[in-house]
Amino acid sequence: MTKKELRVLYKEKRKQLSAKDIMRLDDLLLIQFQQWPLSDIRVVLTYWPMSRHAEIDTQLMIDYLSFRIPDLQTALPVLDNEKKIFKPVVVLENTELLQNEFSIYEPQGGQELAPTDIDLVFVPLLAYNMQGFRVGYGKGFYDRFLASCRNDVIKIGFSYFPPEGCIDDINDFDVPLNLCITPNKTYEF
């Protein structure tokens, strides 16, 4: 299937999940994530989940990491839609978050980080395949950002569903994940 077809399919699959299903699956994702060995993680870039898209609650994983790594720095992306890029901005306890034009929460103010400062990136996705390539929302922000990160940055996706066999239209600029964590299994690429 093409990315466009997979976007439609997986948005529909997520719509079929009840709030109770999502809570249970998020708990199972956290358990899977807790099995992953922590090593030299000091700065993580995450995303604020959009409930209207039934996205995984990445805050559960951030809370766990913050407990295990007390000096962890957490950043959220701030989009520049004109340039089709984003910058990672550090989030503190008192950081105000406001919705942008895409209804994505972004930090207001805060320290901007260089892409090379990031150790771990939680990458949003709708679908993915066995080679670690993912289908996002189609704007290319994350692929552009990941291309500017260090080679050893860890890229993790979370999905309620198993991988797709094939994504027909992978591009040269698509950046694969290192891991995709599902409620029942962690896939390494």
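In which sense do strand E9 and strand E10 pair, and over how many bridges?

Analyst: Happy to! This is a predicted model, where local features need pLDDT of at least 70, side-chain atom pairs count only at pLDDT 80 or more, and totals for chains, interfaces and linings use all residues. Residues are numbered from 1 along each chain as its sequence is written, and side-chain values use heavy atoms, leaving out hydrogens and water.

Strand E9 (residues 154-158) and strand E10 (residues 179-181) pair in the parallel sense, over 3 bridges. Two strands pair if DSSP finds at least two bridges between them; strands (E, at least two residues) and helices (H or I, at least four) are DSSP runs numbered from the N terminus. Within this pair, Ile 156 stands opposite Leu 179 in E10.

Both strands belong to an open sheet of 7 strands with mixed pairing, in the order E3-E2-E1-E6-E9-E10-E11. Its edge strands, E3 (85-91) and E11 (186-188), each pair on one side only.

The loop between E9 and E10 holds Asp 174, which is 171 residues from Lys 3 in helix H1 (residues 3-15). The side chains of Lys 3 and Asp 174 meet in a salt bridge at 2.6 Å, N to O (a side-chain nitrogen of Lys or Arg within 4 Å of a carboxyl oxygen of Asp or Glu). Both Lys 3 and Asp 174 are buried (under 20% relative accessible area, with exposed over 50% and partly exposed in between, using a 1.4 Å probe and protein chains only).
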